Amino acid sequence: RRRSILAANIPLQASHPWSLYVMRAALLFFAPVVAALFAPTAADTCSVRLLVLDTLLPGQQLRCDAAPESFASLVEDGRESLVCVGRNQLSLHWVGCEASASRDESGSIMLTASDRLAQIEQGYSNDGGSKWNGRAGSVTWLGRLSEQDNLLSIDDSYSLAKALEHGSNLGLEVSPERLVRLGKSVRELTQQFISLAEGAGIEELLQQLGPAPEAPNAQAVYVAALLNPIVPINDNFLFIRAAVMTARSTANRLEYAERGLQDAIQRLQ
């Protein structure tokens with residue numbers, strides 16, 4: 001539903017100064033209009049059970065060994081969709097993942113996060129004193145990250161517009177060239193990290209997460225899941241899972257992934 005202007009591949013140079021001026025003006029004017037047209041509607045909003053246990057990323061699994069039987073009944077009855085969401089102190093993150101519940105060989109509840117993403121709406125309940133109760137709340141379904149890579153990058157249109165306005169000279173705006181550089185860096189660093197982490201439990205994690213995606217946002221989310229699994233391989237790695245999940249631009253998400261990879265590689269070498 002929501003498509004970033006980045007996908008239009010708008011050139012940074014024009015053959016005539018007037019055409020460049022018109023292009024910049026049009027982009028600045030129409031970006032919010034396009035965003036409004038493709039924004040989720042009330043039809044995408046529904047009531048769910050919010051599980052505030054950890055910041056889960058698509059493909060990650062959480063084993064709930066200490067969960068009471070009441071939690072098993074809550075997540076297995078199928079009457080409510082489940083959304084796993086992290087929190088920052090008392091406030092929930094603005095986005096979470098749909099999750100499904102199953103039992104492992106030992107009978108423990110396993111939560112598996114999918115790539116169907118949800119925007120958390122205000123007005124959710126408290127948990128009654130126990131995280132295992134979950135919270136009643138509502139979400140706006142955004143879609144699947146595998147199908148719409150820019151779902152979480154709501155600031156991309158503005159960032160690109162500013163890059164065009166300033167000619168990408170300030171270093172703070174997000175030009176297409178910068179995104180290409182970041183994407184290439186993250187891909188190369190991911191392979192370097194995997195090579196260095198061999199024999200440290202990375203193989204099982206790679207089997208769980210599957211191959212690294214090509215799309216930039218999905219790639220950054222994959223890196224965060226790889227560096228910060230739910231059962232830590234190395235507690236010393238920089239924790240980037242929450243930052244990557246809640247970032248509002250592709251560039252920020254890739255930068256967090258790049259920084260996390262650089263830190264992990266430095267610690268492994």
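Biologist: At roughly what angle do the axes of helix H5 and helix H6 cross?

Modeller: This is a predicted model, where local features need pLDDT of at least 70, side-chain atom pairs count only at pLDDT 80 or more, and totals for chains, interfaces and linings use all residues. Residues are numbered from 1 along each chain as its sequence is written, and side-chain values use heavy atoms, with hydrogens and water left out. Helices are DSSP runs (H or I, at least four residues), numbered from the N terminus. The axes (lines fitted to C-alpha atoms over the stretch in contact, with angles from 0 to 180 degrees between N-to-C directions) of H5, residues 202-209, and H6, residues 216-227, come within 10 Å and cross at roughly 145°.

Biologist: Which residues of H6 make the contact with H5?

Modeller: Contact means heavy atoms within 4.5 Å. H5 contributes Ile 202, Leu 205, Leu 206 and Leu 209, and H6 contributes Tyr 222, Ala 225 and Leu 226.

Biologist: How many residues of H6 are buried?

Modeller: Buried means under 20% relative accessible area (1.4 Å probe, protein chains only). What covers the buried residues of H6 includes H4 (176-196), H5, H7 (241-246) and H8 (250-268). H6 is largely enclosed by the rest of the structure, because the buried residues number 11 of the 12.

Biologist: Is Gln 191 buried, partly exposed or exposed?

Modeller: Gln 191 has its place in helix H4. Exposed means over 50% relative accessible area, and partly exposed lies between that and the 20% limit for buried. At 48% relative accessibility, Gln 191 therefore counts as partly exposed.

Methods:
Helices (H or I, at least four residues) and strands (E, at least two) are DSSP runs, numbered from the N terminus.
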